[in-house]
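Q: Zoom in on one part of this structure for me, please. I'd like a single residue as the starting point, and then whatever surrounds it.

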Amino acid sequence: MSAAPTPADDQPSGISPDDEMPLDVLDRWHMARALELAAQGRGHVEPNPLVGAVVAHGAEVIGDGWHHRYGGPHAEVEALAVAGVHARDATLYVTLEPCCHHGKTPPCTDAVIAAGIRRVVIAHRDPFPAVDGGGIGRLEAAGLEVVVGVEAESARRLNAPYLKLVTQARPWLIAKWAMTLDGKIATHSGDSRWISSPASRAVVHELRGRVDAIIVGRHTARLDDPLLTARPPGPRTPLRIVLDTRATLADDSKLVRTAAEVPVLVVAGPQALLADRERLTSAGCEVLVCDAETHQGRINQLLDELGRRRMTNVLVEGGATLLGALFDSGQIDEVHTFIAPRLVGGAVAPSPLAGHGHERMSAAGRVRVESCEQIGDDVYLRGIVERD
């Protein structure tokens, strides 16, 4: 749940833009609005990117729009439809390079040219192979002025999951956990209900409702018996995934009992018995057998498979072994942490990340904090894992 982009720090706040502003400041102002609009498509448009657009004559906005749903009109077309004939000789601000190919909709570049737009300001180039500079080239060939890179960093952050899917063929991994003030996700006996407050859990349900899948390990599935659904439902119904090497997920678990209504994928290893795989399949689960011999190897195979399925955002809810393996291999992209004012203690009570970890504090992974807020008595921290 990324925060909506805001105008750059050097832009004026609390007042409306006017034609006396320098053009570069005006460009950033309108692009910030386009980014805010784009964010409204979150959870509805994936695996497409989040895109917003503004049509303006100087400071005056004459049309705007965003990509509302997968397969629906693109942001540029929405904004141009609002602007109508007034789009002629205007500037179009768009958060991602306009498409130049026939997909589920006609090329946006054709609509931009036909509308008589004079200037196009683009936040970020689209690396999708069918676009990847082709949209920019098509506009320039038609005689339009094209500016690329305005609010580029904000645009990259907004569409980081899409960009990862396109460039790495893997989904964006969001690690979520709730922990006590002394860093425990359960007591030494394994009890973890409930660490966080109802208000914090409501935020988690909202997060679940906009992702493509939720992953847990076998131990979490057995101890917590989670349902892993969004309540109330969100724009997406996530695939519920359990990493269960031997395919021993119990028939009376909530996941298996509801597999006919909400999909469940059990990721098994080569040692899983055929009888157990057939038992789960008969109950409505999908069983994916990953033939890698190691836990990490099977995780990699799963992530490759989710990429093939064009999943964009995947939530990992634990436990510590799974989160630790993902951390050790540098797979976690985003962190959502709920810190409750409770103390559990216990040398063997688990912390969020198991695995090998780092030997020296100087090598510790860094998280760029994007928001930190209090929800009831809990502290909710959200950030991006920084890469070297």
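**Around one buried tyrosine**

A: Let's start with tyrosine 380, which is buried, at a relative accessible area of 4% (buried is under 20%, exposed over 50%, partly exposed in between, with a 1.4 Å probe and protein chains only). Keep in mind that this is a predicted model, where local features need pLDDT of at least 70 and side-chain atom pairs 80 or more, while totals for chains, interfaces and linings use all residues. Numbering runs from 1 along each chain as its sequence is written, and side-chain values use heavy atoms, with hydrogens and water left out.

Tyrosine 380 belongs to strand 14, which spans residues 378-385 (helices, H or I of at least four residues, and strands, E of at least two, are DSSP runs numbered from the N terminus). Six of the eight residues in strand 14 are buried, so the rest of the structure largely encloses this strand.

Who are the strand partners? On one hand there's strand 13, residues 367-375, running antiparallel to strand 14 and joined to it by eight bridges (strands pair if DSSP finds at least two bridges between them). Tyrosine 380 itself has glutamate 373 standing opposite. Strands 13 and 14 make a hairpin with two residues between them, and glycine 376, in that turn, has a positive phi of about 60°.

Then there's strand 12, residues 334-340, which is also antiparallel to strand 14, over six bridges. Here histidine 336 sits opposite arginine 382 of strand 14.

The model has one aromatic pair (Phe, Tyr or six-membered Trp ring centres within 6.5 Å; planes under 30 degrees apart are stacked, over 60 edge-to-face, the rest tilted). That pair is phenylalanine 338 with tyrosine 380, and it's stacked: 4.5 Å from centre to centre, with 0° between the planes. The pair ties together distant parts of the chain, since phenylalanine 338 lies in strand 12 and tyrosine 380 in strand 14, 42 residues apart. Phenylalanine 338 is buried as well, with a relative accessible area of 2%.

Serine 197 comes from the loop between strand 6 (172-180) and helix 7 (198-208). Setting aside neighbours within four places in sequence, serine 197 is in contact (heavy atoms within 4.5 Å) with Ile375 and Asp378. Serine 197 is buried too, with a relative accessible area of 18%.
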